Amino acid sequence: MKSKVVLVPCASYEEEQVYEKLKKGLELLGGLSSVAEKEEKILMKLNLVRSAPPERAVTTHPAVAAALARLLHEEGFARVTAGDSCGFGSPVRIMRELGMAEAFDKYGVAMGEFREAVPVTFPEGIHAREFMAAREVCEADAIISVSKMKTHALEHITGAVKNQYGCVQGFHKARGHTLYPSPESFARMLVDLNRWAAPRLYIMDGIMAMEGNGPTSGDPVPMNVLLLSKDPVALDSVFSHLVYLNPELVPTNVCGAQMGLGFWQEDRIELVTPKGELSLEGAAARYGNPGFRVSRKREKVRGWMGAAGIFRFLQKKPKIIPERCRKCGVCVDSCPVEGKALSFANGRNQPPVYNYKKCIRCFCCQEMCPHKAIRVRGM
């Protein structure tokens with residue numbers, strides 16, 4: 001058995017082009033009728049991590065969200081909601097700022113605030129068996145996950161699997177980083193979250209991706225592809241191949257395969273394009289970017305390296321760039337550690353200061369900084 005991933009080249013966010021390309025991709029995957037029944041309640045789970053102009057490649061692009069909304073409407077799906085539990089701010093406000101509201105109003109898509117948390121249990125969980133999910137997620141019959149192709153300080157990349165962390169209601173997302181602080185632990189939690197939420201379709205906006213200091217402070221880079229699959233691990237593996245990253249270095253890929261979510265291995269993936277099947281090596285040669293800036297280092301683990309102090313020295317660390325810092329305090333507010341791992345120890349006229357002995361390397365501060373003022377040392 002193989003997992004099918006569809007790759008559709010798409011060179012711009014021009015509205016009709018994105019619509020036609022996404023429509024073609026869905027046809028190659030079996031159509032929306034293979035995903036859900038028309039009477040079911042659909043949730044478009046977008047990536048709305050925080051407010052940023054579309055050209056920054058921080059969020060799902062509004063053209064992709066509008067194209068999916070249009071296709072659902074044309075297929076007769078009348079109970080559709082869009083949203084995400086963003087890291088900072090209101091998802092409805094972010095969707096309006098991105099320009100999604102007009103298309104959603106036109107095609108009858110409601111915008112969810114993801115404000116109310118619902119405790120859910122998942123007895124089948126291997127690593128995580130309880131979540132505080134947003135009510136919109138719990139009320140949906142079928143989830144369509146629409147992720148963004150970006151780098152990530154903790155997991156190398158953020159894609160189809162990681163996108164479901166936005167199913168956890170915002171207030172409780174910070175706590176998750178303290179419960180699952182290591183890359184592998186966090187990945188295993190994400191896999192269980194995907195197994196519970198069970199999206200029926202995964203779409204990745206890779207027309208304009210983010211490289212470097214992702215997932216919010218990196219640099220836009222054209223990858224000119226839309227990726228679709230019903231297997232998020234396979235989709236993220238294709239993403240990895242396109243940026244010349246060994247998929248085995250991505251914790252969500254390895255844990256996803258181990259825990260039964262999907263396949264990352266090349267011989268278990270069927271890659272299809274509008275022109276026919278293509279090997280992953282062929283896709284990388286034709287559509288990939290070997291210069292894509294992403295961490296290709298294997299995470300070091302405690303053990304043979306000896307002293308914990310040496311381990312901490314070698315770990316990746318968030319570091320504030322003083323000349324960019326505007327002392328807004330978003331990083332301090334975003335820190336999930338009790339007592340905070342960074343503070344205005346030198347006063348509000350100076351950048352915050354890290355206490356690395358407290359820092360759990362979740363990189364929430366770097367992810368939420370609105371001014372690209374935090375980089376992760378060691379990436």
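Is Glu139 buried, exposed or partly exposed? Glu139 is partly exposed, with a relative accessible area of 39%; buried stands for under 20% relative accessible area, exposed for over 50%, and partly exposed for values in between (1.4 Å probe, protein chains only).

The structure is a predicted model, in which local features need pLDDT of at least 70, side-chain atom pairs count only at pLDDT 80 or more, and totals for chains, interfaces and linings use all residues. Residues are numbered from 1 along each chain as its sequence is written, and side-chain values use heavy atoms, with hydrogens and water left out.

**View 1. A salt bridge joins the side chains of Lys41 and Glu139 (3.7 Å, N to O).** The pair connects distant parts of the chain, 98 residues apart: Lys41 lies in the loop between helix 1 (15-29) and strand 2 (42-45), and Glu139 in helix 5 (residues 135-139). Helices (H or I, at least four residues) and strands (E, at least two) are DSSP runs, numbered from the N terminus. A salt bridge requires a side-chain nitrogen of Lys or Arg within 4 Å of a carboxyl oxygen of Asp or Glu. Lys41 is partly exposed, at 23% relative accessibility.

**View 2. Glu139 also forms a salt bridge with Arg135, the closest N and O atoms being 3.7 Å apart.** Because Arg135 and Glu139 are four residues apart in helix 5, about one helical turn separates them. Salt bridges with shared partners join Lys41, Glu116, Arg135 and Glu139 into one network. Arg135 counts as partly exposed at 32% relative accessibility.

**View 3. Arg93 and Glu97 form a salt bridge in which the closest N and O atoms are 2.8 Å apart.** The two residues are four positions apart in helix 3 (residues 91-98), so they are separated by about one helical turn. Arg93 is partly exposed, with a relative accessible area of 37%, and Glu97 is partly exposed at 45%. Across the whole structure, a search finds 14 salt bridges.

**View 4. A cis peptide bond joins Gly214 and Pro215, with omega at about 15 degrees.** Pro215 belongs to the loop between strand 9 (201-211) and strand 10 (219-229).

**View 5. Lys340, although not a glycine, has a positive phi of about 70 degrees.** This residue sits in the loop between helix 12 (330-334) and strand 14 (342-343). Lys340 is partly exposed, its relative accessible area being 29%.

**View 6. Lys372, which is not a glycine, has a positive phi of about 55 degrees.** Lys372 is found in the loop between helix 13 (364-368) and strand 16 (374-377).
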